[in-house]
Amino acid sequence: MSRTALRICPLCEATCGLVLTVSDDRVTGARGDRDDVFSAGFICPKGASFAELDGDPDRLTRPLVRRGDELVEVSWDEAFAAVAEGLGKVPGRDVAVYLGNPNAHTIAGALYAPLIIKALGTRNVFSASTLDQMPKQVAQGYLYGNAFAFTVPDLDRTDHLVSIGANPLVSNGSVATAADFGGKLKALRRRGGRVTVIDPSRTRTAELADCHLAPRPGTDAALLFSVVNVLFAEGLVSPDLGGLAEHVTGLEQVRALAADFPPTAVAPYCGVSVTDIRDLARSIAAAPRAAVYGRIGTSTVEFGTLGSWLIDVVNIVTGNLDRPGGAMFPLGPTAPAPRPPKPGRGFTTGRWHSRVSGHPEIASEFPATALAEEIDTPGDGQLRALITVAGNPVLSAPDGRRLAAALDGLGFMLSIDPYLNETTRHADVILPPPPPSQAAHFDVVLSNVAVRNNARYSPPVLPLAGRPGEAEIMSRVALLIMGAGLDADPALADQQVIAMTLAKETADPRSPVAGRDVAELTAMLPPGPGYERRLDMMLRLGPYGDAFGADPDGLTLNTVKAAPHGVDLGPLQPRIPAVLRTPSGKVELAPQALVADAARLAKVLDRPPVGFMLIGRRHLRSNNSWMHNLPALAGGTNRCTLQIHPDDAQRLGLAELALVKGPGGEVTVPVEVTDTIRPGVVSIPHGWGHDIAGTRLGVAATQPGVNVNQLNDGSYLDPLSGTAVLNGLPVEISAAVRPG
Ligand SMILES: Nc1nc2c(c(=O)[nH]1)N[C@H]1C(S)=C(S)[C@@H](COP(=O)(O)OP(=O)(O)OC[C@H]3O[C@@H](n4cnc5c(=O)[nH]c(N)nc54)[C@H](O)[C@@H]3O)O[C@H]1N2
Ligand SMILES: Nc1nc2c(c(=O)[nH]1)N[C@H]1C(S)=C(S)[C@@H](COP(=O)(O)OP(=O)(O)OC[C@H]3O[C@@H](n4cnc5c(=O)[nH]c(N)nc54)[C@H](O)[C@@H]3O)O[C@H]1N2
Ligand code: SF4
Ligand SMILES: [Mo]
């Protein structure tokens, strides 16, 4: 007997609604849900492989615990006992936590990972954010006083999308949750709008664009500064900043800073012509509504924060911030309900520093690249234990070889992860969460970056097969750290959060439940799993919530559940000034940290270009390091190759294989000659290198590829955000021959 069930796809940021086919106790197929209010039937090859991913025989079904050199299967009770013992030996402050990307996609990652960090009381928090979007968060922190005030392009209403350093046709969009990003770009062009793509590679997104500029990697900040320069020089700055003038400070300082970046000074450095820079500025200003949008290629570079800031500066000075068709602030259903604006404390970094290199804390994190040195450098405060949740930093972060060696020196390592992979193989205990079919889904994180506000919930499609869900796993770990013991009811963790949240809300005169009784509100939460109670609480306190009955038309978890294809909450709405938390209560356009970094950028404009610059790329049928184990997604063009321009390949006499040397090591990789890439630039995708012994990734091991991040020694960071430079890394290339 087969049936169908609805399930939001957790595999990338597009959050498509899927219709799963289920036979007995397993998922057998997946298609797009045409009735989903957000994705309207869109699906990609990864979503279509949901059944294979869910049922991958290499997924761990039982916990593994280290006995000598071996990881052996044990019962859940034994595994939790091993966690209690292992963590019991180390003070919480000496335990590090590394949070990987899928935490942004799971309820457990959003609601329970913070409990583990809090229970430990550790400042040693690391995550994939410093391999990714941290520069944007820092820029937002300074501009808006809130590192979580994400601006996203209003794709459905813009007249000109400028995509810089992003390839949404392949990545399906990121920090701009939009199902069918490609379809939205085509629709934009059909309604007479324009798409500009700025990328050293002629990607699939560039192929679709009206205009493609291919700058030298790492130079986006200078290019954008020059755009600002032209906007001022040619009188193209919106006189009232699109109605925001009274809410913006620092415009004159930005004008003065941009004076150092005229197109004539910047063009040779960026490798983009003076005419192209001017035309870019003019075309943004000319569009009735335009939005500049940037991602990995602008973020994970030497001037990542400056570039991310300049993206919003261009949006602001052209009058495109916070208005339909421009760059807008989403308002997710579990965000706190908007309150009357008040000045905030602003954004600060460096409240504490890392032990070895003195990296400032940024958004309460240290750079992912500093994890290895914090473990392998002796001294007071040396990290002695590590918890990884949904992360594979041995492949995702620079210099995995050093990190792997460091992990072996830890007193204790716990990984919460479904796979025995390059990172988790070093763990003393692996607690595997169930496959997605057995987990509920709600996009706590990603609905705050969606290009259309919405609320959608998927209950588990299949019952837990005699194992704890990920929320329960994390609750139990948090409770063990708090000393609550092995028998503590995991619901205790949720009870604590609910009690604390409601106490705070009822005491806050600006809250929708100000002055209400905590016990009365608690009694209104539904029976059921703790995560559902917490989601219900968040929805009810949120911007569209029922405020615990005060607004009977407002959302609760039940009303969201009653709409299995989701609740559409409408197009994005202007949110300034309510969203601002800067000390001045305004958008602070010229924060001191960025003014200082502009001077650092001005100094490199005449730096001579190096030999080759390495960039990355993604493939539609993969996802970072962990989807190479599915036969349906493997092979074809989904391969780990070095892309190089034909002229460069010929000059170097490259045939089959190339030897690539970088600051952190060397790799030998198959050559793929293509004129889609700018001369002087080469590209290798990340997440490969599955030839390490001791993993259980049967399919991935047959086509391992190489770990591009071994070329990187991790010393090269964007200083304002602690984010690793993963794009624009200088490398040397020569011909290699196949051994034997
Ligand atoms: N050179 C280069 N390096 C890069 C990048 C690049 O562009 N170039 N991109 C960077 C970016 S943007 C990112 S986000 C990082 C990613 O860095 P990481 O997050 O460290 O790595 P992932 O490969 O995403 O690994 C995800 C892990 O989560 C596990 N997992 C999958 N689903 C679940 C789940 O439901 N629960 C749990 N607990 N675990 C799960 C997988 O088995 C895997 O171990 O890589 C970065 N590294
Ligand atoms: N299929 C698939 N989808 C994914 C992922 C995946 O691995 N596979 N990963 C997910 C994750 S974790 C993330 S963060 C997102 C990332 O989403 P995107 O950022 O859209 O994805 P990328 O393919 O990394 O695109 C970065 C682009 O920047 C270009 N680039 C490199 N250096 C520079 C530069 O200096 N300047 C400019 N202007 N461009 C540059 C690259 O050529 C590349 O085309 O994708 C998510 N979605
Ligand atoms: S685009 Fe992303 S969310 Fe949609 S089906 Fe593909 S992997 Fe899933
Ligand atoms: Mo990412």
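How many residues surround ligand 1, and which are the closest? In this predicted model, ligand 1 is surrounded by 29 residues, and the closest are Y98, N101, D417, E470 and S625.

**Ligand 1**

The shell around ligand 1 consists of 14 nonpolar, eleven polar and four charged residues.

Taken on its own, ligand 1 has 920 Å² of accessible area, and the protein covers 95% of it. Two of the residues in the table, N101 and S625, also belong to the closest residues named above.

**Ligand 3**

A separate set of residues is listed for ligand 3: C9, L11, C12, A14, T15, C16, F42, I43, C44, K46, G47 and N172. By class, this shell holds eight nonpolar, three polar and one charged residue.

**The second largest pocket**

The volume of the second largest pocket is about 320 Å³. Its lining is made up of 18 residues, of which D54, G55, T61, P435 and Q438 are the closest to the centre. Strand β3, spanning 26–32, and helix α2, spanning 50–54, each contribute at least two residues to this lining. Seven of the lining residues are nonpolar, five are polar and six are charged.

**The cavities**

Across the whole structure, a search finds five cavities of 30 Å³ or more. The largest cavity contains about 150 Å³ of space. It is lined by 16 residues, and those closest to its centre are K136, T151, Y293, G294 and I311. Two or more lining residues come from each of the strands β8 (152–153) and β13 (290–294) and from each of the helices α14 (296–299) and α15 (304–317). Among these elements, α15 gives the most to the lining, with four residues. In terms of class, the lining of the largest cavity comprises seven nonpolar, six polar and three charged residues.

Methods: Residues are numbered from 1 along each chain as its sequence is written. Chains are lettered from A and ligands numbered from 1 in the order in which they are written. This is a predicted model: local features need pLDDT of at least 70, side-chain atom pairs count only at pLDDT 80 or more; totals for chains, interfaces and linings use all residues. Side-chain values use heavy atoms; hydrogens and water are left out. On a 1 Å grid over the protein atoms alone, a cavity is a set of points where a 1.4 Å probe fits but cannot get out, and a pocket is an open set with protein on both sides within 12 Å along at least five of seven lines; lining residues have an atom within 4 Å of a point. Grid points are joined across faces, edges and corners, and a volume is the space filled by probe spheres set on the points. Ala, Val, Leu, Ile, Met, Phe, Trp, Tyr, Cys and Pro count as nonpolar, Asp, Glu, Lys and Arg as charged, and the others, Gly among them, as polar. A residue is near a molecule or strand if one of its heavy atoms lies within 4 Å of it. Accessible areas come from the Shrake-Rupley method with a 1.4 Å probe; for residues, only the protein chains shown count as cover.
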